[in-house]
Amino acid sequence: MMKSSKEFRIAKKYIPGGVNSPVRSFKAVNSSPFFVKKSKGPHIFDIDDKRYIDYVNSWGSIILGHCDSRIINTLSKSIDLGLTYGAPCQNEVLLAKKICKIFPSIEKIRMVSSGTEATMSAIRLARGYTKKDKIIKFDGCYHGHGDSFLIRAGSGLSTFGKPDSLGVTKSIAKDTFSLPYNDINKVHQTIRKNKNKIACIIIEPIAGNMNFVRSEKNFLKSLRELCTKNKILLIFDEVMTGFRVALGGAQSIYRVKPDITTLGKVIGGGLPVGAFGGRIDIMNNLAPMGGVYQAGTLSGNPLTMAAGLKTLDIISKKGFFERLHKQTEYFMNQLNKSAVNHLLDFHTDFEGGMFGLFFHNSKKITNYKEIKKLNSKIFVDFFRFMLKKGIFFAPSPFEAGFISSAHTKKHFDFTKEMFEKFLSSRR
Ligand code: PLP
């Protein structure tokens with residue numbers, strides 16, 4: 001970490017906190033970050049030439065492994081045709097068509113450049129369509145850094161949310177309710193108390209920003225019923241879970257159809273991307289057709305579209321997700337076995353190529369409050385030990401982990417071996 005430490009010192013002089021996104025600072029694990037030189041397959045290499053098995057995969061964006069030759073070839077060809085046009089290109093249409101085919105709930109879709117842009121635009125659209133102002137979100141879900149989402153629960157049910165970041169105004173906070181995940185009664189009560197005022201409910205159907213927490217099956221079904229009954233739009237934020245937990249996202253697992261879905265990460269094949277799509281009568285309210293304004297200089301960027309299309313072509317081949325799911329299952333089983341051997345309170349959960357590790361014995365974690373109670377000290381020790389051994393897990397106990405199709409048994413077995421060493425070191 002010699003060169004990385006030096007680089008971090010310089011970075012801090014010119015970039016706030018030395019990083020362009022806070023979690024990269026390793027602050028949550030009382031450490032300082034490595035700086036990346038290159039990445040290939042399941043590995044990422046730092047500027048000190050240390051190699052890590054990567055279980056972050058650019059926060060879920062990389063699903064085929066870093067620098068997959070098929071994506072690189074596609075990009076090399078695309079690059080010769082131009083970097084950005086500011087005018088429509090065919091790949092935008094092909095990608096839109098492909099996503100609409102895979103997600104039955106999406107009849108039309110618009111591309112943007114980040115997940116944050118997607119969720120911000122989705123709630124504006126929901127407000128414009130329903131002509132209502134307020135939104136419901138859930139504690140522990142992350143929907144990017146739009147003002148309306150940086151809100152935490154207020155005290156008691158009748159109060160509105162409170163800003164969770166400086167710079168978010170009280171007047172914005174009063175339009176967002178943040179409720180406990182998986183608590184349908186609270187949703188009922190909030191809707192009842194705010195009749196005809198709620199435009200949409202936005203949720204990560206499997207939450208990957210408070211480790212890995214599933215919504216309970218009946219919860220999503222009840223949300224769907226409540227939304228339909230009260231003319232509220234249901235938004236599934238599948239920026240993380242879309243094309244990651246299953247080809248058709250979490251909605252294909254739960255078989256619940258949202259009105260709007262937000263996407264990102266995997267659909268850009270590793271390049272900056274976001275998208276939001278849904279029912280045709282809702283999407284037709286966007287400019288230039290309707291009165292809800294939304295735009296972007298680099299939206300539908302030709303390189304992103306080419307990489308995204310190629311990625312979706314590969315991952316929609318028969319058997320891809322079954323294999324990915326089995327790989328993650330093997331990996332989780334290996335870690336669970338080590339924990340049992342060392343009598344550690346530990347469990348795992350996973351779906352497709354996304355997983356969560358819990359240093360806790362309870363299999364039933366259903367919301368943010370419970371996650372926050374977990375012992376983060378052991379996670380910090382685990383993270384630091386594994387990093388030293390060349391294994392990169394997300395540098396926070398509140399983040400999910402990801403594998404790619406380039407990860408094999410060899411990488412999982414090595415990770416298990418190092419996990420055993422970590423557990424032995426604690427005796
Ligand atoms: N929504 C979810 C569920 C996410 O996990 C993220 C980012 O991790 C976002 C939205 C924001 O996406 P971006 O970081 O591309 O703005």
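**Pockets, sheets and helices**

A: Helices here (H or I, at least four residues) and strands (E, at least two) are DSSP runs, numbered from the N terminus. Keep in mind that this is a predicted model, where local features need pLDDT of at least 70, side-chain atom pairs count only at pLDDT 80 or more, and totals for chains, interfaces and linings use all residues. Residues are numbered from 1 along each chain as its sequence is written, and side-chain values use heavy atoms, with hydrogens and water left out.

Q: How much space lies in the second largest pocket?

A: About 500 Å³. Of its 23 lining residues, Pro88, Glu92, Arg110, Ser299 and Gly300 are the closest to the centre.

Q: And how does the lining of that second largest pocket split by class?

A: It has 13 nonpolar, 8 polar and 2 charged residues. Ala, Val, Leu, Ile, Met, Phe, Trp, Tyr, Cys and Pro count as nonpolar, Asp, Glu, Lys and Arg as charged, and the others, Gly among them, as polar.

Q: What about cavities, how many of 30 Å³ or more does a search of the whole structure find?

A: The search finds 1, and the largest cavity has a volume of about 100 Å³. Leu357, Phe379, Glu399, Ala400 and Gly401 are the closest to its centre, out of 13 lining residues. On a 1 Å grid over the protein atoms alone, a cavity is a set of points where a 1.4 Å probe fits but cannot get out, while a pocket is an open set with protein on both sides within 12 Å along at least five of seven lines; lining residues have an atom within 4 Å of a point. Grid points are joined across faces, edges and corners, and a volume is the space filled by probe spheres set on the points.

Q: Which element gives the largest share of the lining of the largest cavity?

A: β16, with 3 residues. Both β16 (354-358) and α14 (376-388) supply at least two. The lining of the largest cavity divides into 8 nonpolar, 4 polar and 1 charged.

Q: What's the order in the open sheet of 4 strands?

A: β1-β2-β3-β17, with mixed pairing. β1 (36-40) and β17 (391-392) stand at the edges with a single partner strand each, so one side of each is left without a neighbour in the sheet. β2 (43-46) and β3 (51-54) run antiparallel and are joined by 3 bridges. Ile44 has Tyr52 of β3 opposite.

Q: Switching topic, is β12 mostly covered or mostly open?

A: Mostly covered: 5 of its 5 residues are buried. Buried means under 20% relative accessible area, exposed over 50%, partly exposed in between (1.4 Å probe, protein chains only). Leu233, Ile235 and Asp237 point one way, Leu234 and Phe236 the other.

Q: Which strands pair with β12?

A: β9 pairs with β12 in the parallel sense over 4 bridges, with Ile202 opposite Ile235. β13 (260-264) also runs parallel to β12, joined by 3 bridges, and there Phe236 stands opposite Thr261.

Q: And α8, what do its buried residues pack against?

A: β5 (134-138), α7 (184-193), β9 (198-203), β12 (233-237) and α9 (249-254). The buried residues of α8 include Phe219, Leu223 and Cys227. Helix α8 (217-230) has 14 residues and reaches 20 Å from first C-alpha to last, close to the 20 Å expected. That expected span is 1.5 Å times one less than the number of residues. Just after α8, Lys231 takes a positive phi of about 55°.

Q: Last one: what is Ser31 in contact with, leaving aside its neighbours within four places in sequence?

A: Ser25, Phe26 and Arg384, where contact means heavy atoms within 4.5 Å. Ser31 is in the loop between α1 (2-14) and β1, and counts as partly exposed at 27% relative accessibility.

How values were computed:
Two strands pair if DSSP finds at least two bridges between them.
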